[in-house]
Amino acid sequence: MIRTMPRWTQASVVDLVNRLESIHGSSIVLHEDPLDELVSCILSQNTTDRNSFPCYVRLRSKYPGWSGLLSLRPEELGQEISQAGMHTQKSRAILGALAKAQASFGKVTLEPLRNWTPEASSEWLGDLVGVGPKTVAIVQLFALGQPAYPVDTHVERVSRRLGLVPPKASLTAIQHRWQKLTPPSLAGRLHLGLIQHGRHVCKARGWTCEGCVLRPVCKEGRRSSASSN
Ligand code: SF4
């Protein structure tokens, strides 16, 4: 028989972060420049770091400060980033973001967003063509130092197995649930812990709940525990 699940609360998220850090540690790497992070994220959409990172490094050294990219047509930038795939969409997204930054802030930078509220910077970034909620949240969390809750494949999988949301909940619902429950100061630590857990323990295939530090608070872990008794 499955024991009653504890209700997810702020206190249980704090406990979850501590459990995650007890095995995965707690280092957070912050990029210094939010525009670097945004361009890197756009390049990495739907591909591997192995394909996107060389494009990022090449662009970064050829066009330091990014403003030089604005002299390129989308097709020209597309050729530069073809290794990252979807180069037509990605070149338009990057050039659109640079042009909007120039128009909004007088130069090609996103630094002013640091002083905006999380809601306002989320809205500014979210209005960019080709930039979805995950990219917005990554830029906020890792470059602007603002609380945000990116949902990638690992965060999605672990969140569902934990029982944070109903089985068919959308990615947006998962993001909103973490946002509602997580103390803002823990947003980055929670995100990194969930990613590490999804990569190394709660994998997509061939995972085992036995010995997992989250088992006492996890819906799937408690289900598997009950069925093996
Ligand atoms: S108990 Fe199992 S399902 Fe839950 S987080 Fe751990 S490995 Fe994943």
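Helix 1 passes helix 10 in a left-handed crossing, that is, one in which the near helix is turned anticlockwise from the far one by less than a right angle. Helices here are DSSP runs of H or I with at least four residues, numbered from the N terminus. The model is predicted: local features need pLDDT of at least 70, side-chain atom pairs count only at pLDDT 80 or more, and totals for chains, interfaces and linings use all residues. Residues are numbered from 1 along each chain as its sequence is written.

Two packed helices are described by the angle between their axes and the distance between the axes. Helix 1 and helix 10 pack at about 55°, with axes 9 Å apart; axes are lines fitted to C-alpha atoms over the stretch in contact, and angles run from 0 to 180 degrees between N-to-C directions. The two helices are therefore oblique to each other, since angles under 35 degrees count as roughly parallel, over 145 as roughly antiparallel, 65 to 115 as roughly perpendicular and the rest as oblique. Among the residues of helix 1 that meet helix 10 are Val 13 and Val 17; contact requires C-beta atoms, placed from the backbone, within 7 Å.

Helix 8 also packs against helix 10: their axes come within 8 Å and cross at roughly 85°. This pair is therefore roughly perpendicular.

The buried residues of helix 10 include Leu 190, Leu 194 and His 197, where buried means 20 or more other C-beta atoms within 10 Å of the residue's own. Their cover includes helix 1, helix 7, helix 8 and helix 9.

Key
A residue is buried if 20 or more other C-beta atoms lie within 10 Å of its own, exposed if 12 or fewer, and partly exposed in between; C-beta atoms are placed from the backbone. Two residues are in contact if their C-beta atoms, placed from the backbone, lie within 7 Å.
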